[in-house]
Amino acid sequence: MKLITAATCPIYSGRLILVNREHPCREIPPAHSLAAVNGNDGVLLERRAAALFHMLMNDIDGWTQILPVSGWRSQGEQQHIWDRSMEENGADFTQKYVALPGHSEHQTGFAIDLGLLREKLDFIRPHFPDSGICQTFREKAARYGFIQRYPAGKEKITGIAYEPWHFRYVGMPHAEIMAKMGLTLEEYHLYLKKFPYGKRPLIYRKKKQRIQISYLPAKSGCAAAIADELHLPYTLSGNNIDGYILTVWPDGRSV
């Protein structure tokens, strides 16, 4: 049996980390963990997220109509965007549409802003309508592990205004669960606490697979005892709050 300790999997690391006003981004992704989106060196994502994004765009033939606008940002870049927006747009607008430096999902490498390709593109609020190729992207996003992070009607929960252009990679099957249940990432982490490790996992069925998801509190001393003699495939992510999310594929999967 393999033990994953808090030292080897900190709660502030992983594709399911929650970053918002209350929970800052506490880890800078190393350069080798980032990859260019479709060869565009100006837009970077975490490597797995970039690969899945590329697959999604190929699936919908989106490269000629959808433009990746902004991916990973450094602390300095986020600070520059915040300061410039405060100067040009004022505090009310900036606090609605620009995350506070140090609290931006873009600093994790798991977030990307997209825009419908057009002559003039607003960097902070790119046009990404709920029709045509943009809606097709939105409808298929969860299959590839992406969620629309800031939906309408959830502003009080996320702390950010409705942003139809901002997508976040959380991986599978989490994106599909969140999409089907209409949950934000904040709500999803609260929901997962109903499924503590060692008691009853959340079961998600996809085709012939039976995927198990559990929450583990950080105070337990170790993140999980996750494998027996069969060495089951799994993923483990901190939630950036107080614990971990363990996802296990008992029937096996391609990692």
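Because the model is predicted, local features are described at pLDDT of at least 70 and side-chain atom pairs at pLDDT 80 or more, while totals for chains, interfaces and linings use all residues. Residues are numbered from 1 along each chain as its sequence is written, and side-chain values use heavy atoms, with hydrogens and water left out.

**The whole chain**

Begin with the protein chain coloured by secondary structure, which comes to seven helices and twelve strands; helices (H or I, at least four residues) and strands (E, at least two) are DSSP runs, numbered from the N terminus. Of the 255 residues of the chain, 50% count as buried, where buried means under 20% relative accessible area, exposed over 50%, and partly exposed in between (1.4 Å probe, protein chains only). If contact is taken as heavy atoms within 4.5 Å, residues 24 or more positions apart account for 66% of the contacts in the chain with a separation of 6 or more.

**The nonpolar cores**

Next, select Phe53, Ile66, Ile112, Leu114, Phe128, Phe137 and Phe146, which touch the most other members among the 32 residues of the largest nonpolar core. A nonpolar core is a set of buried Ala, Val, Leu, Ile, Met, Phe, Trp, Tyr and Cys residues joined through side-chain atoms within 4.5 Å. Several elements each supply at least two residues of this core, including strand E3 (40-46), helix H1 (47-60), helix H2 (75-89), strand E5 (111-116) and helix H4 (132-140). The largest share, seven residues, comes from H1.

Centre the view on Phe128: leaving out residues up to four places away in sequence, Phe128 touches Ile66, Leu114, Gly115, Leu116, Cys134, Phe137, Arg138, Pro164, Trp165 and Phe167. A second, separate core of 20 residues can then be selected through members that include Ile147, Ala175, Met178 and Leu202.

While Cys134 is in view, note that it is buried, at 0% relative accessibility, and that Cys25, with a relative accessible area of 18%, is buried as well. A search of the whole structure finds zero disulfides, a disulfide being a pair of cysteine sulfur atoms within 2.5 Å.

**Helix H2**

Now select H2 and compare its length with expectation: at 1.5 Å a residue, its 15 residues should span 21 Å, and its end C-alpha atoms are 20 Å apart, which agrees. The expected span here is 1.5 Å times one less than the number of residues.

Show the side chains of Gln78, Ile81, Trp82 and Ser85, the buried residues of H2. Seen down the helix axis, these fall within an arc of 100 degrees, so they line one face of the helix; the arc is that of the directions from the helix axis to the C-beta atoms. An α-helix has 3.6 residues a turn, so residues three or four places apart point the same way. The buried residues of H2 pack against H3, whereas the face turned away from the buried side carries the exposed residues Glu87 and Glu88. Just after H2, Gly90 takes a positive phi of about 90 degrees.

**Asp113 in strand E5**

Move to Asp113, which lies in strand E5 and counts as buried at 3% relative accessibility. Two side-chain polar contacts can be drawn here, one of 3.4 Å joining Asp113 and Arg73 and one of 3.0 Å joining Asp113 and His166. A polar contact is a pair of N or O atoms within 3.5 Å; within protein, one must be able to donate a hydrogen and the other to accept it, and residues adjacent in sequence count only if both atoms are side-chain atoms. Beyond four places in sequence, Asp113 touches Leu67, Pro68, Val69, Ser70, Arg73, His106, Trp165 and His166.

**Helix H7**

Finish at H7, where seven of the eight residues are buried, so this helix is largely enclosed by the rest of the structure. The buried residues are Leu185, Glu186, Glu187, Tyr188, His189, Tyr191 and Leu192. Select Glu186, which has 9% relative accessibility: its side chain makes a polar contact of 2.8 Å with the side chain of Arg149. Not counting residues up to four places away in sequence, Glu186 touches Leu18, Asn20, Arg149, Ile157 and Thr158.
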